[in-house]
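Here is a short briefing on one protein chain. Keep the sequence and the structure in view while reading.

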Amino acid sequence: MAKALELWSHKVIEEALGADAERVLPEAVRLIDLQIRVPRHQVAMLEHLAERDRTTVSAVLARELDGLASAHADELSQAVAGFAGALAWPEAEGAQLTR
């Protein structure tokens, strides 16, 4: 799975798995929609970075959120059930991931 994530986005992998995504991917790492309200300049920033990196706004934001998650990993691992396992995935695919 780690190699697949190097080649394709998480979204592409989930779409390719289709209905099997629920069986194959731990719940804590499956994609979910999120609607947020942010200032227009932040949207423009995300769009610029996505275009520059030839990716999507979702991918840029996910990368930044991964950095935030790593910076606060100890605290979040204690406060959020399943967080440590989700952060370690897919390298620790055997880790117990719960919602």
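How many salt bridges does the structure hold? The structure holds five. The model is a predicted one. Its protein chain has seven helices and zero strands.

**Overall build**

- The elements run α-α-α-α-α-α-α, starting from the N terminus.
- The C-alpha trace spans about 40 × 35 × 25 Å along its principal axes.
- The protein chain has 99 residues, and 18% of them count as buried.
- Consider the contacts with a separation of 6 or more: residues 24 or more positions apart account for 31% of these.

**Salt bridges**

- Lys 11 pairs with Glu 15 in a salt bridge, and their closest N and O atoms are 4.0 Å apart.
- Both Lys 11 and Glu 15 lie in helix H2. They are four residues apart, which is about one turn of the helix.
- Lys 11 has a relative accessible area of 51%, so it counts as exposed, the cut-off being over 50%. Glu 15 is exposed too, at 55%.
- Arg 52 and Asp 53 meet through their side chains in a salt bridge, at 2.8 Å from N to O.
- Arg 52 is exposed, with a relative accessible area of 52%. Asp 53 is partly exposed, at 30%.
- Arg 63 and Glu 64 form a salt bridge, with 3.8 Å between the closest N and O atoms. Arg 63 is partly exposed, with a relative accessible area of 38%.
- A network of salt bridges links Arg 52, Asp 53, Arg 63 and Glu 64.

**Glu 14**

- Glu 14 sits in helix H2, which covers residues 10-17.
- Is Glu 14 buried or exposed? Glu 14 is buried, because its relative accessible area is 15% and the cut-off for buried is under 20%.
- Neighbours within four places in sequence aside, Glu 14 is in contact with Ala 21, Leu 25, Val 29, Arg 30 and Leu 31.
- Glu 14 and Arg 30 are 16 residues apart along the chain. Their C-alpha atoms are separated by 7.8 Å.

**Backbone features**

- Which residue has a positive phi although it is not a glycine? Arg 54 does, with phi at about 55 degrees.
- Arg 54 is in the loop between helix H4 (40-52) and helix H5 (57-71).
- Arg 54 counts as exposed, because its relative accessibility is 81% and the cut-off is over 50%.
- Trp 89 and Pro 90 are joined by a cis peptide bond, with omega at about 5 degrees.
- Pro 90 lies in the segment after helix H7 (83-88).

**Nonpolar surface patch**

- Leu 34, Ile 36, Val 38 and Val 43 make a nonpolar surface patch of about 350 Å².
- Among them, Val 43 is found in helix H4. Val 43 is partly exposed, with a relative accessible area of 33%.

Technical notes: Residues are numbered from 1 along each chain as its sequence is written. This is a predicted model: local features need pLDDT of at least 70, side-chain atom pairs count only at pLDDT 80 or more; totals for chains, interfaces and linings use all residues. Side-chain values use heavy atoms; hydrogens and water are left out. Helices (H or I, at least four residues) and strands (E, at least two) are DSSP runs, numbered from the N terminus. Buried means under 20% relative accessible area, exposed over 50%, partly exposed in between (1.4 Å probe, protein chains only). Contact means heavy atoms within 4.5 Å. Patches are made of residues with over 30% relative accessible area and no salt bridge: like charges are joined within 9 Å, nonpolar side chains (Val, Leu, Ile, Met, Phe, Trp, Tyr) within 5 Å. Accessible areas come from the Shrake-Rupley method with a 1.4 Å probe; for residues, only the protein chains shown count as cover.
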